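Please read each point against the model.

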Amino acid sequence: MASGVRDVVVVGGGPAGATAAALLAAGGRDVVVLERETFPRFHVGESLLPMDLPIFRRLGIDLSRGPYLRKAGAEFLDEAAGQTATFAFAEALPGTPEYAWQVERSKFDALLLERAAEWGADVRQGQEVVAIECTAGAVTVRTRSETLEARYCIDASGQSAFLGRSRRSLVPFREFGRAAVFRHYEELDPDRAAALAETGNVKIFLVPDGWMWGIPLHGRKLSVGLVLRRGSVREDALDAAVAGSPVLSGLVAGAIASNAHSVGNFSYRNAQAGGVRHVCIGDAACFLDPVFSTGVTLAMTGAERLVDLLLPALDDGREAEPTLATAWSDAMAPGYRILGALVHRFYHSRLVKNVFFTDRRDAHFRQGMLSTLAGDVWRPDNPFASALARSRRGDLPDGFGPAASA
């Protein structure tokens, strides 16, 4: 290709884009990141999963040195029924990492993007992409101020899903969560904040036609959100739901509430998630639902797996082969299908009542369930994940998961 052509243009600097850019740069590739916003910026999705830890090690990132809270597991609460269930990642199948982290995404995302820049990626913030053209010969990406040519393009534009929305190829999951409203509570009572920090567990509250989250954060903060399956949600709905929860209302008593944010229609897949010289990863490929905190894990795992396919393809001059995107999609699809089946069971079965709130005598099955909650779903010896995979037919839309298109 002509002089000045970059190896890879990454559209979006969130966890997917930053991970891909860092690993590509570490592999000696000329990569530029075009991020529409200027970091740090607020973002939801603060509860991470243990399966992120191996990727953090690969990126040389140690969150124990930063303003983050260690997360031992998850708690499910049905306050109306007086039922609770606590799951510790340390009790999962051997090999599953034993903990995760709760993070403020403004700080965490900036850390990942800084690592990409430190490792040699050309990071350009405040650059909005307005057009992407991928042909057999080259990639052309235009922003409002310049035009770049590259050998390959990674769309990591998050829920903006640049290619998916421009192609109108996003297919909604109408039976998952449809709308969410959320805010931070700051300056929690010191004793309550210390109790939350002992485990750092995410709390999932069951409410009519949906659920709520409570995510403890470093610095006496609590992220609280309400997710519903139907309609839209407003700030007053969140206030009413918090007031109706004895646990949450007690935790935030006297705390300072930030402005509320809301989002709707966030569960979807991209039916054209890849093709010649390009692929969509992270939320630009598929977003399931926030209930099991899978977004960042799927984003970073997808980025890592793509890079492991793309680096040798660039070395061999094979990056124009559409089968490259297909190979990535095939590698990621089992995880999306299993986690998607778990989300579907959460909304449309008695999974929580019959499995989460029940002591099972089958210890191996319970270990598999904990590994699934940890995001460790690609391993063949996980009986819970295997059961979800076998039962998915008829429960999920056809072609579930990101699909590559030539």
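1. Burial. A residue is called buried under 20% relative accessible area, exposed over 50%, and partly exposed in between, with a 1.4 Å probe and protein chains only. On that scale S293, at 14% relative accessibility, counts as buried. S293 is placed in the loop between strand 21 and helix 8; helices (H or I, at least four residues) and strands (E, at least two) are DSSP runs numbered from the N terminus. Leaving aside residues up to four places away in sequence, S293 touches S47, L49 and K71, where contact means heavy atoms within 4.5 Å.

2. Basis of the values. The model is predicted, with local features requiring pLDDT of at least 70 and side-chain atom pairs counted only at pLDDT 80 or more, whereas totals for chains, interfaces and linings use all residues. Residues are numbered from 1 along each chain as its sequence is written, and side-chain values use heavy atoms, with hydrogens and water left out.

3. Aromatic pairs. Rings of Phe, Tyr and Trp (its six-membered ring) pair if their centres lie within 6.5 Å; planes under 30 degrees apart count as stacked, over 60 as edge-to-face, and the rest as tilted. The count by this rule is 15 aromatic pairs. One of them joins F56 and F108, whose ring centres are 5.8 Å apart and whose planes meet at 70°, so this pair is edge-to-face. F56 belongs to helix 2 (residues 53-59) and F108 to helix 3 (residues 105-118); the pair thus links distant parts of the chain, 52 residues apart. F56 and F108 are both buried.

4. F76 and F292 form a tilted aromatic pair, with 6.3 Å from centre to centre and 50° between the planes. Because F76 lies in strand 4 (residues 73-78) and F292 in the loop between strand 21 (286-287) and helix 8 (295-316), the pair ties together parts that are 216 residues apart in sequence. F76 counts as buried at 1% relative accessibility, and F292 counts as buried at 6%. Ring pairs also link F76, F87, F292, F346, Y347 and F356 into a cluster.

5. Charges over rings. A charge is taken to sit over a ring if NZ of Lys or CZ of Arg is within 6 Å of the ring centre and within 35 degrees of the ring normal. R70 lies over the face of Y99, at 3.5 Å from the ring centre. R165 lies over the face of Y268, at 5.9 Å from the ring centre.

6. Cavities. On a 1 Å grid over the protein atoms alone, a cavity is a set of points where a 1.4 Å probe fits but cannot get out, while a pocket is an open set with protein on both sides within 12 Å along at least five of seven lines; lining residues have an atom within 4 Å of a point. Grid points are joined across faces, edges and corners, and a volume is the space filled by probe spheres set on the points. The count comes to 3 cavities of 30 Å³ or more. The largest cavity holds about 90 Å³ of space, and its lining includes F76, F292 and S293, together with L49 and K71. Strand 4 and strand 13 are the elements that give two or more residues to the lining of the largest cavity. That lining divides into 9 nonpolar, 1 polar and 1 charged residues, where Ala, Val, Leu, Ile, Met, Phe, Trp, Tyr, Cys and Pro count as nonpolar, Asp, Glu, Lys and Arg as charged, and the others, Gly among them, as polar.

7. The second largest pocket. About 220 Å³ of space lies in this pocket. It has 13 lining residues, and L206, G210, F346, Y347 and S349 lie nearest its centre. Two or more residues come from each of strand 13 (202-207), helix 9 (323-348) and helix 10 (351-356), and helix 10 gives the largest share of the lining, 3 residues. By class, the lining has 6 nonpolar, 2 polar and 5 charged residues.

8. Backbone geometry. Most residues other than glycine have a negative phi, and most peptide bonds are trans. A cis peptide bond joins F39 and P40, with omega about 0°; P40 is in the loop between strand 2 (31-35) and helix 2. R168, not a glycine, has a positive phi of about 55° and counts as exposed at 78% relative accessibility. D209 has a positive phi near 60° and is partly exposed, with a relative accessible area of 31%; D209 lies in the loop between strand 13 and strand 14 (210-217).
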